[in-house]
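Morning, everyone. Let me put the structure up, and then we'll walk through it.

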There are 4 protein chains.
Amino acid sequence: MPPAVTKRARRKAERPSEILDAAFEEFVLHGYAATRLEDVATRAGVTKGTIYFYFDTKERVFEEMVRHKSQSFLPGLKDYALTLRGSATERLRGLIAFTYGHIAENRESREILRFLIAEGGRFPDLVDRHYEEFVAPIIDQFREVIDQGVAAGEFRNAPAAGFTEIVMSPAVLLSLWSLLFGTRKEVDFVAFTEASVDLLLRGLAKD
Amino acid sequence: MPPAVTKRARRKAERPSEILDAAFEEFVLHGYAATRLEDVATRAGVTKGTIYFYFDTKERVFEEMVRHKSQSFLPGLKDYALTLRGSATERLRGLIAFTYGHIAENRESREILRFLIAEGGRFPDLVDRHYEEFVAPIIDQFREVIDQGVAAGEFRNAPAAGFTEIVMSPAVLLSLWSLLFGTRKEVDFVAFTEASVDLLLRGLAKD
Amino acid sequence: MPPAVTKRARRKAERPSEILDAAFEEFVLHGYAATRLEDVATRAGVTKGTIYFYFDTKERVFEEMVRHKSQSFLPGLKDYALTLRGSATERLRGLIAFTYGHIAENRESREILRFLIAEGGRFPDLVDRHYEEFVAPIIDQFREVIDQGVAAGEFRNAPAAGFTEIVMSPAVLLSLWSLLFGTRKEVDFVAFTEASVDLLLRGLAKD
Amino acid sequence: MPPAVTKRARRKAERPSEILDAAFEEFVLHGYAATRLEDVATRAGVTKGTIYFYFDTKERVFEEMVRHKSQSFLPGLKDYALTLRGSATERLRGLIAFTYGHIAENRESREILRFLIAEGGRFPDLVDRHYEEFVAPIIDQFREVIDQGVAAGEFRNAPAAGFTEIVMSPAVLLSLWSLLFGTRKEVDFVAFTEASVDLLLRGLAKD
DNA sequence: GATGAATGAGAATTCATTCAT
DNA sequence: TATGAATGAATTCTCATTCAT
């Protein structure tokens, strides 16, 4: 018989992630340097000492938090990509819709971007790891579809095919826009995405 | 005889801008919170007290620094726009080349963007002012050319014409790329710009 | 077995009052503004940080210190008043002796007066609270005895009966004298009190 | 012909006293330590440097200010005393009325008292000088009249005759009251003085 | 495991004082 | 005489980190 997982034990197992969730909120609110671990602890419902039981330093808390919050996108993308059917154009359109939705509208994703930009100088490893685990796979996914489209004669062999990042740039812009202006300057996300897709597909199209 | 500008007076007049230049470098190096005004002072060749003679608080130093460093682009853009000749396509190409060069390659411009992303929550007025004085005029400049191209029948009336920001998004991506990876992942700026221009102009072109 | 009060716990419970005692001495020595919390800490045998663990600001330390040091007189007065016997004259004499002894000779009481005079502008609430908790009850105590004396026909209904504060004024003068001249100009406290009592009682006496 | 005193020269001669007047107001407002010489300068319509031209240090400014503001009472008292006529009782009553009016109601006199209490520890010479020049002469004036009253058989040889300060104590109390409570607890000055005089004269009277 | 009292290095800010002009 | 830019010592307050319980 497996040992009963008591509530206490369960909570214990969840502590680190509760702390990281709380840390995320506080770091979002105040930035890395201005965040007090004391506030993180309070928000997580523990005390300062407990944080130090799980994490060595404030830097470590920050790093782990970024990792913790970065893990949600990738699996979803891969699964989604497998469901794509139809022409390269249709598949690219699907990919864009999915990715834009995540990059531009997902709050956590957006704030992680802010952290990386703001504190990247202090945490270069974090940035590089993020690139490997998050950015590169997305780019690869796009590149694959585009290459297939070129091979299939749907897309012209545009120079942009060698800079797949360009395809993601409107989403990044949207994300930045949101980081900068919050709710002060709202953008019509759907219309913006539509316009971007239209421009990109026309730009890639043969003829 | 013109009144002799004494060495002391000359230095005095330059002090604030010397301090702001030093502040820029320190803020780039360490970020807002981790920058010590003492280091700014040392870099500027003065003492802490002198900074406080010219600026009330560290926040003020930061704000003034951002303003100080933001003033270089606009006049150049307007002047350049006046020299543009040829078709809307040619003019748009020129505008993109000029703007991308500034946004993506100019170090100060790029670091200002980092400051706004990182500290925008603390300085929303700064962000909004930056939008008014810096972002909006650029967008307007692009919109004007695109509208003319549409009116002249060179460009189709793409939905992207209503979201001129999209045209700038590859430049913003480049800028961010540089902020994130510094010299660790270099991008061929010229080729990237070429690819973007190609994609955009094809995307906008009639037919 | 009673729960052992550990050394640590005991010390912890006493910390705030140890800090306030130390603060009192330092504030007496240098005044509010010129007192360094660092010195208070050293005197209390702790470090700066500890003070801030218990008190938010220097102002708070000052306020709490005044409260802490103001609490000793009142209970004694009430108890003492209950032991008074004899004619109103005798009881008034007893009250005066007791009160003068406290106001004029008690060092803490005297220095609190100095603090209130010196820093009252910055801490009006402190002054008002002191009045309610300290001054008013004393005045009431005197008023009661005087009124009884008037009712009993021992005292004439002098206008001073309506300004009981007058009865305390020699004690306040003594207190001030001590604050101003310290040991440089000693006053014979007993003789002074005797003279005051003599003057007051003669002034109040019927006929 | 005497040299015309130009406005500039006249102003120059008045500078130190203008500075001391301004210093008085600032010291009243903030206390010694919290007063900024910069604010004194602004109030006096000069700059910081000018203050240092006339006074060596902030301490000197404070000391000179106290002297400057202490000089107004004495001559008036002596002149007034010379006009007193009638019985010792009448003369004492007159003296009390005059002195109380000054001590208790004169703002400058009252604030000087506050300065001496608050900063006496730092400026003992100032306190002693104030005693010699201000307090002692007043006491002497009272003692003279009281002694004359005793000699003339109007007053009994009360022990209080040896502590003339007692006679001034109600005035000091009033002054302190005002320092502590400002306008928050007003006292009927005339009635209070009447009650004090009544009590004192009855206390001193023969029979 | 968890707590929270205690530490102490560190940073922003203030302001009396100086001195070149 | 007067100015005001510049200095730098001093002080409050913060907070990551430690560790006895």
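Which residue of chain D comes closest to the rotation axis? D:Gly203 does, with its C-alpha at 1.9 Å. Let me back up to that axis. Rotate chain D by 180°, with 0.0 Å of shift along the axis, and chain D superposes on chain C with an RMSD of 0.1 Å. The two copies are thus related as by a two-fold rotation axis. The same surface serves both: 100% of the contact residues of chain D recur in chain C. Contact, throughout, means heavy atoms within 4.5 Å.

Some ground rules. This is a predicted model, where local features need pLDDT of at least 70, side-chain atom pairs count only at pLDDT 80 or more, and totals for chains, interfaces and linings use all residues. Residues are numbered from 1 along each chain as its sequence is written, chains are lettered from A and ligands numbered from 1 in the order written, and side-chain values use heavy atoms, leaving out hydrogens and water.

Now one chain. Chain A has 10 helices and 0 strands. Helices (H or I, at least four residues) and strands (E, at least two) are DSSP runs, numbered from the N terminus. The C-alpha atoms of chain A fill a box of roughly 65 × 50 × 30 Å along the principal axes. Of its 207 residues, 50% count as buried. Buried means under 20% relative accessible area, exposed over 50%, partly exposed in between, with a 1.4 Å probe and protein chains only. Take the contacts in chain A with a separation of 6 or more: residues 24 or more positions apart account for 70% of them.

Next, where chain A meets chain B. There, 48 residues of chain A are in contact with 47 residues of chain B. The area buried between them is about 4,000 Å², and carbon and sulfur atoms give 73% of that. Buried area is the accessible area (1.4 Å probe) that two parts lose on being put together, summed over both. In chain A, A:Ile117, A:Leu199 and A:Arg202 lose the most area to chain B, together 17% of what that side buries.

The rule finds 4 salt bridges across this interface. That means a side-chain nitrogen of Lys or Arg within 4 Å of a carboxyl oxygen of Asp or Glu. A:Asp198 forms a salt bridge with B:Arg156, with the closest N and O atoms 2.7 Å apart. Helix 9 of chain A gives the largest share of the side that touches chain B, 11 residues.

Which pairs stay apart? Chain A and chain C do not touch, and their nearest C-alpha atoms are 13 Å apart. No contact joins chain B and chain D either; their closest C-alpha atoms also lie 13 Å apart.

Last, two close-ups. Helix 6 of chain D, residues 88-105, has 18 residues and should span 26 Å at 1.5 Å a residue. The expected span is 1.5 Å times one less than the number of residues. Its end C-alpha atoms are 25 Å apart, which agrees. Among its buried residues are D:Leu92, D:Leu95 and D:Ile96. Their cover includes helix 5, helix 7 and helix 8 of chain D.

And is B:Gln141 buried or exposed? B:Gln141 is buried, at a relative accessible area of 13%. This residue sits in helix 8 of chain B. Leaving out residues up to four places away in sequence, B:Gln141 touches B:Leu77, B:Lys78, B:Ala81 and B:Leu95.

Note on methods: Copies are superposed by least squares on the C-alpha atoms of residues with pLDDT of at least 70 in both.
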